Amino acid sequence: MASTPSMSDVRRNRFARRRPADLAELEGPLHGSVSLPLHLAWSGLTEFDLDQPRLRMSCYRIVLAEGMHEDLVRYLNRDLLTSMWPVLRTLISRDIREVWESAFTELRPGNQTAA
């Protein structure tokens with residue numbers, strides 16, 4: 001008899017299916033204002049100034065948690081993600097963190113520098 005997957009396994013599978021195959025796919029903006037659509041930012045702010053560290057962090061948290069593959073590659077930027085990751089990884093769910101760190105060695109602790 002097959003065991004039922006845990007909720008964490010279900011979430012990890014969902015995040016893994018959405019994740020890009022390579023961080024180079026993340027071609028989102030480096031600076032300026034980003035307006036997230038309602039399917040991502042359905043509660044609270046929808047406009048984020050990437051030049052403001054707190055707003056940039058909030059935007060990335062939302063996109064990582066709610067975004068589909070197309071959203072991830074459109075709104076996230078590889079260079080920003082890798083520079084923010086040491087702090088960002090502490091603000092996102094364990095499931096998201098483990099999915100991204102297992103796929104991308106440059107995001108694993110000790111392989112990046114703090115922003």
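Analyst: In the protein chain, 63% of the contacts with a separation of 6 or more join residues 24 or more positions apart. Contact here means heavy atoms within 4.5 Å. This is a predicted model: local features need pLDDT of at least 70, side-chain atom pairs count only at pLDDT 80 or more, and totals for chains, interfaces and linings use all residues. Residues are numbered from 1 along each chain as its sequence is written, and side-chain values use heavy atoms, with hydrogens and water left out.

The protein chain has 5 helices and 2 strands. From the N terminus on, their order is α-β-β-α-α-α-α. Along the principal axes, the C-alpha atoms fill a box of roughly 55 × 35 × 25 Å. The accessible surface comes to about 6,700 Å², and 52% of it belongs to carbon and sulfur atoms. The areas come from the Shrake-Rupley method with a 1.4 Å probe; for residues, only the protein chains shown count as cover.

Now the part itself: helix H5, residues 94-103. Its buried residues are Asp95, Ile96, Arg97, Val99, Trp100 and Glu101. Buried means under 20% relative accessible area, exposed means over 50%, and partly exposed lies in between (1.4 Å probe, protein chains only). For scale, 36% of the 115 residues in the chain count as buried. The cover over the buried residues of H5 includes H1, H2, H3 and H4.

Trp100 also belongs to the largest nonpolar core, which has 28 residues. Such a core is a set of buried Ala, Val, Leu, Ile, Met, Phe, Trp, Tyr and Cys residues joined through side-chain atoms within 4.5 Å. Trp100 is one of the members that touch the most others, together with Leu36, Tyr60, Leu64, Leu81 and Leu88. Two or more residues come from each of H2 (53-66), H3 (69-75), H4 (78-88) and H5 (94-103).

H4 is part of the cover on H5. In H4, Leu80, Leu81, Thr82, Met84, Trp85 and Leu88 are buried. They pack against H2 and H5. At the start of H4, a side-chain oxygen of asparagine 77 comes to within 2.9 Å of the backbone nitrogen of aspartate 79.

Next, the charged pairs. A salt bridge is a side-chain nitrogen of Lys or Arg within 4 Å of a carboxyl oxygen of Asp or Glu. The count comes to 6 salt bridges. Aspartate 95 pairs with arginine 11, with the closest N and O atoms 2.6 Å apart. Aspartate 95 is in H5 and arginine 11 is in H1 (residues 7-18), so this pair ties together parts 84 residues apart in sequence. Aspartate 95 is buried at 5% relative accessibility, whereas arginine 11 is partly exposed at 31%.

Arginine 12 and glutamate 98 meet in another salt bridge, at 2.5 Å from N to O. Again the partners sit in H1 and H5, so parts 86 residues apart in sequence are tied together. Arginine 12 is partly exposed at 26%, and glutamate 98 is partly exposed at 34%.

Glutamate 101 takes arginine 89 as its partner, also at 2.5 Å from N to O. Arginine 89 lies in the loop between H4 and H5, so this pair ties H5 to a part 12 residues away in sequence. Glutamate 101 is buried, with a relative accessible area of 10%. Shared partners join Arg11, Arg12, Asp95 and Glu98 into one network.

What else sits in the loop between H4 and H5? Leucine 91 does. Leucine 91 is partly exposed at 37%. Setting aside neighbours within four places, leucine 91 is in contact with Met57 and Arg61.

Note on methods. Helices (H or I, at least four residues) and strands (E, at least two) are DSSP runs, numbered from the N terminus. A polar contact is a pair of N or O atoms within 3.5 Å; within protein, one must be able to donate a hydrogen and the other to accept it, and residues adjacent in sequence count only if both atoms are side-chain atoms.
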